[in-house]
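Here is a friendly walk through a two-part story: what sits inside, and what pairs with what. Have a look at the model first, then read on.

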Amino acid sequence: MINDFHYLKPASLKEALAMYAQYDDCKVICGGQSLLIVMRQGMLAPEYLLDIKHVKELRYIKFDDKDGLRIGATTTHREIEKSAVIARKYPVLVAMEGKLASIQTRNWGTIGGNIAHADPAGDPGPVLIALKAEIKFGNADGEKTAPLDEFFVDYFETKMEHGDLVLEIHVPAPDAKFGCAYQKFNLLGSDMGIVAAAASVALNADGTCKEARIVLGNAGPTPLRVTKAEDLLKGKKLDDKLFAEAGQIASEESQPVADIHASEEHRRHVLGVLTKRMLKKAFEQAQKAA
Amino acid sequence: MSHKNFSVINTPVHNIDGIAKVTGRATYAFDVTLPGMLYGKILRSPHPHAKIINIDTSKALEFPGVRAVVTGKDTLGIKQGIWRRYEELCDEQILPLEKVRYIGEPVAAVAAVTEEIAEMALDLIDVEYEVLPAVYEPMEAIKKEAPTIHEGVERNINVTRHIEWGDVDDAFEDADYIREDWFKCSGQHHMCMETRGAVSSFTPEGKLTVYTGTQSAYYHQGLLAGVLGLREGDVRIIAPYTGGGFGGKFELDAAQFCSAVLSMKLNKPVKIVFTREEDFIASKRRTPMFYYVRTGIKKDGTFCARESRMFSNGGAYTGMGATALYLTGFFHSFPYKWRGYRYDGYRVYTNTMPSTSMRGFGAPQAMFCSEQQIDWICADMGLDPFEVRRKNGHTEGYEVPGQAFIASCGLEQCINEIEKWVKDKGKLPANRGIGISSCGFMSGGIFNWFDSPYSFSSAVITINVDGTVELHVGCQDIGQGSNTTMAIIAAETLGVKMEDIKVHSGDTDHCPADLGAWGSRQTLMTGNAVKMACEDAKKQLLEFAYAEMGINIVYDLDIKDRWVHIVARPERGMKYEELVKKALRGKDGQRIVGRGYYTPHRKGMISPAYSYMMQAVDAEIDPETGKITVHEVMTAHDCGQPINTLGLIGQLEGAASMALGYAYLEDMPFEDGKMMNPNLVDYKIIKAPEMPHTPIIEIDTYEPEGPYGAKEAGEGLTNPTAAALGNAVFNALGIKMKELPITPERIRKALKEKKEEEAKK
């Protein structure tokens, strides 16, 4: 049973922020793909729901060669998946969205809602962090920007405070020789990952590793960067041995929790395998890039 | 094969209720609302095993909007069960008086003006329990020191079953090679789209009407009457549509029982619909089984003997579990000829939700063990798995000693087709394998543990003056399309069009008794009754046609596509509609009525007929993560004469989906008796993206006992898949999967063990 609540439907961002500031026991809804589940389970029973689905100012995809990609918070997963410019510039985002839940969910769920929900098993988090994304959020008093990997604080907890809304995701323009790959391990294609790994590789002109990022999904309280492994790769000529080593580190550094779907040991093992594979895939993409 | 010139049979026919369903007009029990109706909710036990000391309902009764609260004390306290002939197997009080035996067992029910109020009132019922030690696994429950779940039942052994033929020990003596293995087969949830639900309406005239989803309206009529102290004729079950059954909807359930008890107390209609979670934790499940299998074989591949012991997790009550215990043991011998065969099955009570029948009825478990072990034996001995199956397989005219007679059998053709398909695929890439499994299945059970005094199936057809036909049957359409099947058989037999037939089923007041939809019985049994009823009516019509047409009696008359004609001279005849009008006049205005029935006689112990099949599963396994990808599921299938070719495909695809789920996804883990995944996020079923291509080759056979040569289709194909996937994994990676479901972790574990073994060598 879902408890009764008051429904607020602001028409503009300004009105949304004002309303949110006004009501204490208030949750933001923008599709309800995550919120309604926890409400139905009785874990949340807010007095007010603030529906920002109709705040048009936050629904956009913009790309500029220098500035990179900007996605408004209420942009749906499906819009990202179907964006031609994203397919061209950030194919990993399209591939990730294509396997995020079902088409029905992607049609209604939004990128901002997904990030704000801060489920460590969510798909966009690790990929966006691997792409060095930043997040813009704010309230009636002003806006803030943070690197996405610093935005997540704990299970279902972010840097946002009451009154804050996610406003925009910003992904910088990629390096010339850059690759990024993501894979989740699950039994059903439409499920969240039992574990997941995203990896990005930028290469120097001489082919050595300029920078690498490794981000694990559902391997701890937040999307988890494996900096120890990232450091191992930096400046080196990359090969399978290094990928395997990085995988080993990822496996050790991860903090997965066992449940009925997999033991801790299996999760750690698969995280290592996925890290190794995604690094190799990202590296091969970077090599091919012009 | 004598009669292949069909008009309707063997064509693709859309389900006659398809449009009503897809346009939302089909009313299920959930959709029924009656004037003055109240809503019920069930309070369930949080303990796996506890004495009920006291139930205080006073606070709940005072809650505004609550109309009644019932507990076991408001019932007759009758222990019920579907094995009515055997008192000791009637062991379940749906609202127990003395103790609860599993988490989720009903202890009280509330009726209120809204569902929300009823649910809130549950919290106000104060149940005092004395928690008892509990046991969850059969191998633990069977020990001497285990807690007693049912008083007087020693070692918690609920039922045993022994099957034996031939001199087993002597046959083992002849074997050149003997292999033995242990297997563990998991449970599975029926996962009906429609959860259990009922609207019961008891009126002061002393009559009870229950709208409910059911696999057998007649069984529910009998069970409810028995447990409520009513005459069967005073209980009416209406089941216009049922949203899936799969073996889980022919025992009495708590929605039906509690709504009826509440309604009888209030003289008002009461509706109870299970939530998805309630369906998961308290609606029974496929029986988990531990199998020990010992098989002896000669060097040339001839099977000598098999000896198996099976221990099943029966859960808290018997239900249909006693039948599953027999059938798993019987089908474990299938589809092969054994000189000696011995099976001992033990169904053991535990403090978990009861286990029962589910699509395949014990055979999927039996085949998982048998068909994998056969491949392992072939690998051990360097024999060809196709050849060995062909050599030992059932053939037409074979008698399973003391058990069954095989009148039609397309097994060899099935094996040949699949062998060709596999060989055509050629060499596969690394980590990819094709596994095979053959099996067979029943076309309806001969058993009458329900003690029905009626024919197993009956049908009545009435022909109206305009030629339209009312077909009354007691078979139950649960989505499998049996109403369509019956309409096809009626249209074909009578010689009219599909649109002339109206099927009336799912109402005990207006339809003849029929044992219902279980054990793949309706196409053969109800189909025979329908055919007989139509032949009866047709004969009456043709009597008038002879008189009307004034033809020589040596000519045969027939009706086809509404044309009444001389068989030898089809152009000579008259319109069916005209004939009906004249025939009615000749009968002094009475409508033409035809009757038919079917009860199997002298058909062995199990079933009048058996389907056969072989399946191949093409799967790829990621050896690093253990993840399985199923590429294709190929089936060669002998169901006798197909009746509805479209319905057949639907049934076989559904079986493949359910069986693949059983093979590698679906699981019901328990912790201290509590199911850990009672929701659709954590309970994994095959979804559209995972569903592989499932082509089918139909083998042409004719079953003399079936209507137009038809036999089982759709349930049996749940049997081979888990074994075939296991064999695919074996062929891909050389590992033996002895536990279901075949999960990535189990694959990794087996790979690790294989490595360690190889290192030892």
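Which residues touch the most other members of the largest nonpolar core? They are B:Cys258, B:Ile461, B:Leu471, B:Ala490, B:Val530, B:Leu725 and B:Val729, out of 231 residues in that core. A nonpolar core here is a set of buried Ala, Val, Leu, Ile, Met, Phe, Trp, Tyr and Cys residues joined through C-beta atoms within 7 Å. Buried means that 20 or more other C-beta atoms lie within 10 Å of a residue's own, exposed means 12 or fewer, and partly exposed is in between, with C-beta atoms placed from the backbone. Helix H14 (residues 522-549) of chain B supplies the largest share of this core, 11 residues. Apart from this core lies another, of 81 residues, with A:Ile80, A:Ile129, A:Ala199 and A:Leu216 among them.

A word on the source: this is a predicted model, in which local features need pLDDT of at least 70 and side-chain atom pairs count only at pLDDT 80 or more, while totals for chains, interfaces and linings use all residues. Residues are numbered from 1 along each chain as its sequence is written, and chains are lettered from A and ligands numbered from 1 in the order in which they are written.

**Chain B as a whole**

Chain B holds 18 helices and 32 strands, both being DSSP runs numbered from the N terminus (helices H or I, at least four residues; strands E, at least two). Its radius of gyration is 27 Å, close to the 27 Å that the globule rule gives for 761 residues, so chain B is as compact as a globular protein of that length. That radius is taken over C-alpha atoms, and the rule is 2.2 Å times the number of residues to the power 0.38. Buried residues account for 58% of chain B.

**Strands of chain A**

Strands pair if DSSP finds at least two bridges between them. Two pairings share E5(A):

| Strands | Sense | Bridges | One bridge pair |
|---|---|---|---|
| E5(A) and E10(A) (residues 165-171) | antiparallel | four | A:Gly72 and A:Glu168 |

A hairpin of three residues links E4(A) to E5(A).

**Where the chains meet**

In all, 12 residues of chain A are in contact with 16 residues of chain B, contact meaning C-beta atoms, placed from the backbone, within 7 Å. On the chain A side, helix H12 (residues 264-288) gives the most, with three residues.

Methods:
Two residues are in contact if their C-beta atoms, placed from the backbone, lie within 7 Å.
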